[in-house]
Amino acid sequence: SGSNSTSGDVLTIKLSGGTYTGTIDAVGKPHCKGVFKFNNGERYEGYYRNGKRNGFSTYYFANGAKYVGSFQNGEFHGFGRYYWDTGDWFEGEYRNDKPHGLGVQHSSDGDWDFVLCMGDNMETLLSSNNFKHLNLSGQKKLTLEKGLYVGETTYYCGKYVPHGYGR
């Protein structure tokens, strides 16, 4: 960087691919907390160790998607959530920038899939579509200790209970 600053000072420096604002280590690499703005419009806000993304942070993609979660050695690693610009999102474990192990794929319409991810393969173990035919919520008439209830219900602990609007 060519400055006389010491490690721990907040600086703005040009690096390959963009601009970094944050603290650096003794050899001038991003270290601890900072923001890297890429030339392509992407942005990383979070923690660094020895010049690499490390720790719980957020990566914003130019297409509107974002990842919020753990990084290790510059990659998605550990628990994280990936949000698409469509409103869909995935939460689960990551390894080497990819979902790995168990996770939940959520759609913007409220559906979900419980999945197992191994490498580039994602296998659905359980889906919210499996339960739609059960009609566990909706308008029902219930006889309660205090009288008759007509309104929205939900299925909880083995029985229908009032939920939402009703009288």
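In this predicted model, Asn54 is in contact with Tyr44, Tyr47, Tyr48, Arg49, Phe71, Gln72 and Asn73, when residues up to four places away in sequence are not counted. Asn54 belongs to the loop between strand 5 (52-53) and strand 6 (55-60). Its relative accessible area is 12%, under the 20% limit, and Asn54 is therefore buried.

For Tyr67, the contacts beyond four places in sequence include Tyr59, Phe61, Phe76, Phe79, Tyr82 and Tyr94.

Across the whole structure, 15 aromatic pairs are found. In one of them, the ring centres of Phe61 and Tyr82 are 5.6 Å apart and the planes stand at 50°, so the pair is tilted. Because Phe61 lies in the loop between strand 6 and strand 7 while Tyr82 lies in strand 8, this pair ties together parts that are 21 residues apart in sequence. Tyr82 is buried, with a relative accessible area of 15%. In the pair of Phe90 and Tyr94, the centres are 5.8 Å apart and the planes are at 85°, so the arrangement is edge-to-face. Both Phe90 and Tyr94 are buried. These two residues also belong to one aromatic cluster together with Tyr20, Tyr44, Tyr48, Tyr67, Phe71 and Phe76.

Charged side chains meet aromatic rings as well. The charged end of Arg53 sits over the ring of Tyr44, 5.6 Å from its centre, and Arg43 lies over the face of Tyr60, at 4.1 Å from the ring centre.

A last stop is the loop between strand 9 (89-95) and strand 10 (98-106), where Asn96 is found. Most residues other than glycine have a negative phi. Asn96, however, has a positive phi near 55°, and phi of Asp97 is also positive, near 70°. Asp97 lies in the loop between strand 9 and strand 10. Asn96 is partly exposed at 47% relative accessible area, and Asp97 counts as partly exposed at 38%.

Key
Residues are numbered from 1 along each chain as its sequence is written. This is a predicted model: local features need pLDDT of at least 70, side-chain atom pairs count only at pLDDT 80 or more; totals for chains, interfaces and linings use all residues. Side-chain values use heavy atoms; hydrogens and water are left out. Helices (H or I, at least four residues) and strands (E, at least two) are DSSP runs, numbered from the N terminus. Buried means under 20% relative accessible area, exposed over 50%, partly exposed in between (1.4 Å probe, protein chains only). Contact means heavy atoms within 4.5 Å. Rings of Phe, Tyr and Trp (its six-membered ring) pair if their centres lie within 6.5 Å; planes under 30 degrees apart count as stacked, over 60 as edge-to-face and the rest as tilted. A charge sits over a ring if NZ of Lys or CZ of Arg is within 6 Å of the ring centre and within 35 degrees of the ring normal.
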